[in-house]
Amino acid sequence: MAMGTVYSTNSTSNEKYSPTTFSKYSMGNPNSTVDQTKIDFNFWKGMLKIIITPRKHTNDDTVAYDYPNQIAIHLTYSKAGILRKEIIEFMKPENKYKSRGVATPKGCIYICDGSELNCKNPCLVIKLIDSEGAVLSSIAYEFNTTYHFAIRNYDSDSKKYDLAIDEYATREIEELIMILGEFEKAASCAVASTVVDSMHYSVDRINNNLYAVAEKLGVDLGKKSSGGNYSSKSSFFNTSSGMNAVGGNAAAKTTAQYSSYEDLEFED
């Protein structure tokens, strides 16, 4: 089911159901030469929200982040798919662009080679831009190219091993590509439909037990549905009239819809 919807069995209710689902993926680079920031992801109102938060300057080694000054951008599944493709193309050796990304009504997000920030590593940049094209705020995340590694040739006696770092220098970018791709695919709700379909059998068992108990207690729960099991007799091709027919169930009406950019409230 889509996020950012009005969910209610009461058609007169205006209660908005807008859960936020937080991703477990988070990236941080305390050694960044650009901005000491971190990236988080969550899913809200049918969109992917990418947030870059600056680190607070403290007098000790305590790690704390300045959440009130974080900058975020929202992507639809289409924008996420485009950004994913742009990042993949950016990572190819034949890429000739210094930066590649997508624009939204609130700004833009792009990956760059770091040259505009005097940085040697790729960076992810979010810029919030007004209707006149002026930059209202901007923040960058320098991808950490030395955090992820593998160990090889571990020797228990000498306690020595080889480190493989260079092969995983782009691990954070690969995770970003994966998140964008998973969100784009998830928007089809194909997986959700199979979950709902599978739950039908569990709910049916519960209903059967409920009706059995109710019958013994003499409680009238109304006419028991025969269920929605498929029967070949209902097939269009088994019509007894032998005539052409136009039929089928009308598409169910629902208030569950993905939000558009215009529906969002950007208060953060």
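How many disulfides does the count come to? Taking a disulfide as a pair of cysteine sulfur atoms within 2.5 Å, the count comes to zero. Cys 112, for one, is in no disulfide, and the nearest cysteine sulfur, belonging to Cys 123, sits 4.9 Å away. Cys 112 is also buried, at a relative accessible area of 0%; here buried means under 20% relative accessible area, exposed over 50%, and partly exposed in between, with a 1.4 Å probe and protein chains only.

A quick word on the model itself. It is a predicted one, so local features need pLDDT of at least 70 and side-chain atom pairs count only at pLDDT 80 or more, while totals for chains, interfaces and linings use all residues. Residues are numbered from 1 along each chain as its sequence is written, and side-chain values use heavy atoms, with hydrogens and water left out.

Now for the backbone. Most residues other than glycine have a negative phi. Lys 45, not a glycine, has a positive phi near 55°. This lysine lies in the loop between strand E2 (37-44) and strand E3 (47-54), and Lys 45 counts as buried, at 9% relative accessibility. Helices (H or I, at least four residues) and strands (E, at least two) are DSSP runs, numbered from the N terminus.

Cys 189 isn't a glycine either, yet its phi is positive, about 65°. Cys 189 is found in the loop between helix H2 (171-186) and helix H3 (190-217). With 23% relative accessibility, Cys 189 counts as partly exposed.
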